[in-house]
Amino acid sequence: MIWVGGKIITTLIFWLVIGIGVSEGAPDVNQEDYDSLHAEVIELRKIKEIHHREHRQGEKYYEMGEEYFPTYGSTLERVKKRGYIICGTYPEFPGFSEEKEFETTLPERQSKIWVGFDVDICRAVASAVFGNLQRIEFIGINGRTRFERLMDGSIDVLSAATTWTFSRDVEKKLEYVATTYYDGQGFMVRKNLGVSSAKQLVGASVCFSEASTAAQNIRDFFEYHEIRYVPISVAPHQNVKELYAAGECDMYGTDRSGLASNRLSFDDPERHMILPEVISKEPLGPVVKYGDQQWADIVRWSIFVLFIGEEMGITQGNIDRLKNHKNPSIQRFMGERNGEDYPNLGIKLGLDKLWSYFIIKQLGNYGEIYERNVGVNTPIGLNRGLNKLYKHGGLIYAPPLR
């Protein structure tokens, strides 16, 4: 087996990749099989070229190598030596992650800034590690490259609306640290179709990305309801919403948060609607490379601090007034105590005693981040729903900070 373009391929395909034909020493194969393999190789070459072009460090660092097999403490050491965290996220996902241009004070100068819910989740880790949310670099990823970036070590954490599943957790050896957004898959259609349910779209064409959890969810839904449909599988490097917008399919499926975000980018958003069916569970959250438990704990507890901050009523605006509070739980949160063995919790993670203070002071708690980026008063307008605190009927819950 040989690694090419992000895929493990057979020796026979390798002969074709390097340009050797059937008559030039490759194993014996009939013409039909050869033509099929040749077509696959052409597609592999295209994907490989795209990946190399998008990769910030160039082809030299494309393949996963010995430079990134993390062990306990190695990631934090590497990040501190570098001086910043590298986060992988989507560049065009309004509300959740977006690279936006803004005017600077200098004449005829523009710059870019990353904004969004998933972006702020990553910034919380930078605040915890460095006490400064600006000590971070973002790399744009897509449905295919998001896992490869973790594998080859070009990002330290992936925060890109990624669903936690058995296969990804077990087979890919990736660690999902926490669920930051509870979602479910749905469908988008044009209103002029005159339907109110996905079950009415018999014979409809449905676009979905083969690299996402949407593929199996859609197959299961239509099989279970015995509905005939035309599946249009989209390659990982292609944009599903663009094919739908261009009229290549009647509807498309992805996470409902993604549908709400994508709808904003259409020329006439009011012509499109999200159908009521929720056909799956989609727990979304950051992912790190398996192997470094310290780094996983740092990312995980940076997120839990956001949850606990909201639960305890600690906000960006009031946190400075909570110093030397009489509540022992708040004292631990503020880095002022932690039992007998350690003076504070941050030491246990290899961080500053004020790590959790820095997170809330610079970003706010989970509720503040949610409402600022995707809440009801934003263009995307998402109700909290399952993403409310547990004590308000939602699923947002963190273990005790003690």
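Biologist: Which residue in strand 15 does Val 189 stand opposite?

Modeller: Val 189 stands opposite Met 273. Before we go on, note that this is a predicted model, in which local features need pLDDT of at least 70 and side-chain atom pairs count only at pLDDT 80 or more, while totals for chains, interfaces and linings use all residues. Residues are numbered from 1 along each chain as its sequence is written, and side-chain values use heavy atoms, with hydrogens and water left out.

Biologist: How many bridges join strand 11 to strand 15?

Modeller: Two strands pair if DSSP finds at least two bridges between them. Helices (H or I, at least four residues) and strands (E, at least two) are DSSP runs, numbered from the N terminus. Here three bridges join strand 11 to strand 15, and the two run antiparallel.

Biologist: In what order do the strands of the open sheet lie?

Modeller: The order of the five strands is 13-12-14-11-15, with mixed pairing. Strand 13 (230-234) and strand 15 (272-274) are the edge strands, each pairing on one side only. From one strand to the next, the twist averages 30°.

Biologist: Which strands does helix 7 lie across?

Modeller: Angles run from 0 to 180 degrees between N-to-C directions, and axes are lines fitted to C-alpha atoms, for helices over the stretch in contact (heavy atoms within 4.5 Å). Helix 7 lies across strand 11, strand 12 and strand 14, and runs at about 150° to strand 12. Helix 9 (residues 256-263) also packs on the sheet, where it touches strand 11, strand 14 and strand 15. The direction of helix 9 makes about 120° with that of strand 14.

Biologist: Which residues of helix 7 are buried?

Modeller: Buried means under 20% relative accessible area, exposed over 50%, and partly exposed in between (1.4 Å probe, protein chains only). In helix 7 (residues 214-224), the buried residues are Ala 214, Ala 215, Asn 217, Ile 218, Phe 221 and Phe 222. They lie on the same side of helix 7 because they cover an arc of only 170° around the axis, taken from the directions from the helix axis to the C-beta atoms. Glu 223 and Tyr 224, on the other side of helix 7, are exposed.

Biologist: Why does Pro 399 count as partly exposed?

Modeller: Pro 399 counts as partly exposed because its relative accessibility is 33%. Leaving aside neighbours within four places in sequence, Pro 399 is in contact with Trp 301, Phe 304 and Ile 308.
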